Number of protein chains: 2
Amino acid sequence: MKSIYEIAADAGIREEHLEPYGKYKAKIDPALLEELQGRPDGRLVLVTAVNPTPAGEGKTLTTIGLAQSLNAIGRRTVAALREPSLGPVFGMKGGATGGGRAQIVPEEEINLHFTGDLHAITSANNLLSAMIDNHIYQGNALQLDPARIVWKRALDMNDRGLRSIVTGLGPGNGPVRESGFLITSASEVMAVLCLSENLEDLKRRLGQILIGYDVKGLPVTADKLKAVEAMAVLLKEAIKPNLVQTLEGTPVLVHGGPFANIAHGCSSLIATRTALKLGDIVVTEAGFGAELGAEKFFDIKCRQSGLKPSAAVLVVTAKALKYNGGAAKDRLGTEDLDSLKRGMGNLRRHVRNLQKFGVPVLVAINHFATDTDAEMEAIREECAALGVPAEVSKVFALGSEGGKQLAYALAGLLEEGQADFRPLYDTSLDLKSKIETIVKDIYGGEAVTYSPSASRALAQMEKLGYGGLPVCMAKTPYSFTDQPALLGAPEGFTVSVSGVSLSAGAGFIVVETGNTMRMPGLPKVPAAERMALGGDGQIEGLL
Amino acid sequence: MKSIYEIAADAGIREEHLEPYGKYKAKIDPALLEELQGRPDGRLVLVTAVNPTPAGEGKTLTTIGLAQSLNAIGRRTVAALREPSLGPVFGMKGGATGGGRAQIVPEEEINLHFTGDLHAITSANNLLSAMIDNHIYQGNALQLDPARIVWKRALDMNDRGLRSIVTGLGPGNGPVRESGFLITSASEVMAVLCLSENLEDLKRRLGQILIGYDVKGLPVTADKLKAVEAMAVLLKEAIKPNLVQTLEGTPVLVHGGPFANIAHGCSSLIATRTALKLGDIVVTEAGFGAELGAEKFFDIKCRQSGLKPSAAVLVVTAKALKYNGGAAKDRLGTEDLDSLKRGMGNLRRHVRNLQKFGVPVLVAINHFATDTDAEMEAIREECAALGVPAEVSKVFALGSEGGKQLAYALAGLLEEGQADFRPLYDTSLDLKSKIETIVKDIYGGEAVTYSPSASRALAQMEKLGYGGLPVCMAKTPYSFTDQPALLGAPEGFTVSVSGVSLSAGAGFIVVETGNTMRMPGLPKVPAAERMALGGDGQIEGLL
């Protein structure tokens, strides 16, 4: 690893703008972004993927590897990634720092407390919670209805026991009310931080957060509790982007990690803007598959901020297509051209979807050791038929060497300058029309049904003046539909909207289909049980 | 402020042992302590105080100021302090970084997230909680009794609504059980971290934590859940001491902050040991007044570790003595020799108590602008009659200049080498005898009564083999008795033990008198409401 000062200097960041956290991590002072306002932006590339499968598609891996490869072919490139949450690290998923020769480092520190951003978000979230209950306890001047507080506490932990709780029991501890905890990445504070332009914008958004309703049924926002300034005090360091490096010394901004279901699922806007001033190309990723992650990246993050992405890279694997084509989970390492072909519909729909946003698409075929030449060739042929470029990526095994063809293809696409980004829908549509546009044009469905409470909530949102917000779909990532088992490219289906909630600070309406998990549980054998720490501080079993 | 590298270099810490967190804070690699094993220890001085009053005694202030003054008179001195908790910072108390010209800096960062230690402790605490409920949920192989889980979750927040809660409600979220949250500084993980010699010792102690009982009524410890290694992974950075500086550039280790009631209330052992290798004199403090803080420092921390303190500095103010002598809270700024004289009994008892531990005592009279010469003289005379040196300290107003007389007096006391430290009681005594020794010899009481459940619990602790542990008294800090309103030096009183709990990892039995608060609440107008953050990141209202 190079010193973080060296990485910063290579990226054009002077020492005065760097706040080191240990020797290999640093925060970047927002003064840098202000100083560079006059510099033209680099080109923004979104890395997204087909629907995720148990085999793993390698989206983060490809983002890191592609950034390394672009630098290797002489394109000054910076990557912008989300930061991991402790919950999955100790639960099931393991780390989120890439793999093989396409990793960001120091991987253990990034996967553990990193620079404390998630802890600061947890604190800000919970300060607001404590102030809500204290407000009621101390006389309830705002006449909050304890039964209609929608703001929940947060912890960065997988803890199903905290999903649904009763608080305030016992004498002098009130109010007694039903509540619960979210995992921190599902907190609206996380989404707010990731969509804010600066501290002022952060405070404005925090103030708009809906905390609940008063006894007359009117909405009450966080600014009414005088909590916003103190929350911003807790977040003033967390809002600064974090700089780390890849194994090949490519600069990477790792900052923010909102959930990809009930939030928009991409890293912070401030990090993206900073990266665009430092790199001629910025490679970033969005959560889940393209029908969720890319749609939200475009319709929420890019729309709100005015960012104009120049291209999308769609990560696909032979394994994922075979799985989408019906191959069994334990047979994905075997050549199976029939399943592969049946799964192509998934790839096709994602490609066509991305084109609807006006960005050119490049397919990155992330290569596994068990993939055969015939499988690679079949995917290439499919892409040729679709009229989109495709390259095999071997960045896991080979680092930048394994991604040069992909990098050249992307550089070529960017130089052609075909992009003419546009969001999918107009926000002036009513809320149901926005939902139906996404379901029909992106998911490929036929209709949307609404639970009575969801219909009522949508009508109420419009009545309260929130009808002009974009929608944030919360849906299973495994299928274009709202049924996780319906793989491939289903048609003629109906999506059922079960609930609706407002993230007024983040600036979107969350549309829930099915049961959306905001606080995961631990599995039978949590990853935590497999960890060990040596006397010298060496960790085993974390990654 | 000097760069933290400069402070470190002055203190004899090489750059390779320093892990910077920003430009003015750093963690110290434990390798430094190993490397310096052969170096003789400096002399350890405890700063403690008379019973706390609403006026504030300035114990932290005096510790910081004394360290500055000792350096100013040519004694190489390092201070070792506790780190603040976010709960009080946003609740009531404000920061914990000294004041006037005797402060540690950067004060805002120290009072906010600092280097993340409290967040790491929160995470480790709550990982264990999540693993307990998950164990029961996944089949409960250990046959844990859900009604007898004693381990609670923790947050670094004042939030009374979390004191008593029911968790695990709703389908698939079980087990349903009564539980609650502690503030992080009250977590046994905090006490364990502060008493551990190194990572191995930390793991051993974490493993010994009592989490609850099984259906047969047998105790179950954390090691049975395979949680210990992962908890240690979360704590591996938090166990490293933090280096900061005073306004005059004196090096200060700020590390760990266990509650002073249900825990032992002093900064970490690793920080003390490191400071003793770096300074010829180490000045450290303990929470609350001497009958609680000093007693635990000596009987728990020094006993467990083998540390041999060389002196105690007892902080007293004219205001505190007047308050203890019956003066009204709003009259403490007025000369009142009668009240002062009546309050002297409090000072006398603390002086005699400290002498029982075999350490020489120096009285530091912390000077307020409203104090009169006659008041200062009266305290000096009282100390002369007691045969202990006393000096007026003006470190708030004057920095090191204001504490030179105190520093010379301390240096003189240390050079005389009178100390012959001994704990108050032998741990081989039964638990009730230990409690009674403290109540009689330190508090000045006559007897102890026990609630039936406390008596049963003490008997059970002895039966389970924990009878050899020292006791950790949880008592109001405002009085020698268990009644906060009984000021001065009451006699003939009885202390009532209401409950007993086991901190087997920390290595003590907590003895509760009255209602011990482990999760504070917010006041009518929380400090959070008065805070403001400027666009440039400038904070108002934090300190």
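This is a predicted model: local features need pLDDT of at least 70, side-chain atom pairs count only at pLDDT 80 or more; totals for chains, interfaces and linings use all residues.

User: Which residue forms a salt bridge with Asp117(A)?

Analyst: A salt bridge is a side-chain nitrogen of Lys or Arg within 4 Å of a carboxyl oxygen of Asp or Glu. Here, Asp117(A) forms one with Lys27(A), and the closest N and O atoms are 2.7 Å apart. The pair links distant parts of the chain, 90 residues apart: Asp117(A) lies in helix α6 (residues 117-137) of chain A, and Lys27(A) in strand β2 (residues 26-28) of chain A. Helices (H or I, at least four residues) and strands (E, at least two) are DSSP runs, numbered from the N terminus. Over all chains, the structure holds 56 salt bridges.

User: At what angle do helix α7 and helix α8 of chain A pack?

Analyst: Two packed helices are described by the angle between their axes and the distance between the axes. The axes are lines fitted to C-alpha atoms, for helices over the stretch in contact, and angles run from 0 to 180 degrees between N-to-C directions. Helix α7 (residues 188-195) and helix α8 (residues 199-208) of chain A pack at about 145 degrees, with their axes 9 Å apart.

User: Which residues make the contact between α7(A) and α8(A)?

Analyst: Contact means heavy atoms within 4.5 Å. From α7(A) come Val189(A), Val192(A), Leu193(A) and Leu195(A), and from α8(A) come Asp201(A), Leu202(A), Arg205(A) and Leu206(A).

User: How is chain A divided into domains?

Analyst: Domain bounds come from an automatic or database domain assignment. For chain A, the assignment gives domain 1 (4-12 + 28-114 + 240-414), domain 2 (117-234) and domain 3 (431-513). The centres of domain 1 and domain 3 of chain A, taken over C-alpha atoms, are separated by 26 Å. Between these domains of chain A, 25 residues of domain 1 are in contact with 26 residues of domain 3.

User: How much area is buried between domain 1 and domain 3 of chain A?

Analyst: Buried area is the accessible area (1.4 Å probe) that two parts lose on being put together, summed over both. For domain 1 and domain 3 of chain A it is about 2,000 Å², of which carbon and sulfur atoms give 61%. Two salt bridges are counted between these domains.

User: How many residues of chain A are in contact with chain B?

Analyst: In chain A, 65 residues are in contact with 65 residues of chain B. The area buried between the two chains is about 5,800 Å², and carbon and sulfur atoms give 64% of this area. Arg160(A), Val233(A) and Leu533(A) supply 11% of the area that chain A buries against chain B, more than any other three residues. Two salt bridges are counted between chain A and chain B. The side chains of Asp159(B) and Arg153(A) meet in a salt bridge at 2.8 Å, N to O.

User: Where is there a cis peptide bond in chain A?

Analyst: A cis peptide bond joins Val105(A) and Pro106(A), with omega of about 0 degrees. Pro106(A) is in the loop between β6 (102-105) and α5 (107-111) of chain A.

How values were computed: Residues are numbered from 1 along each chain as its sequence is written. Chains are lettered from A and ligands numbered from 1 in the order in which they are written. Side-chain values use heavy atoms; hydrogens and water are left out.
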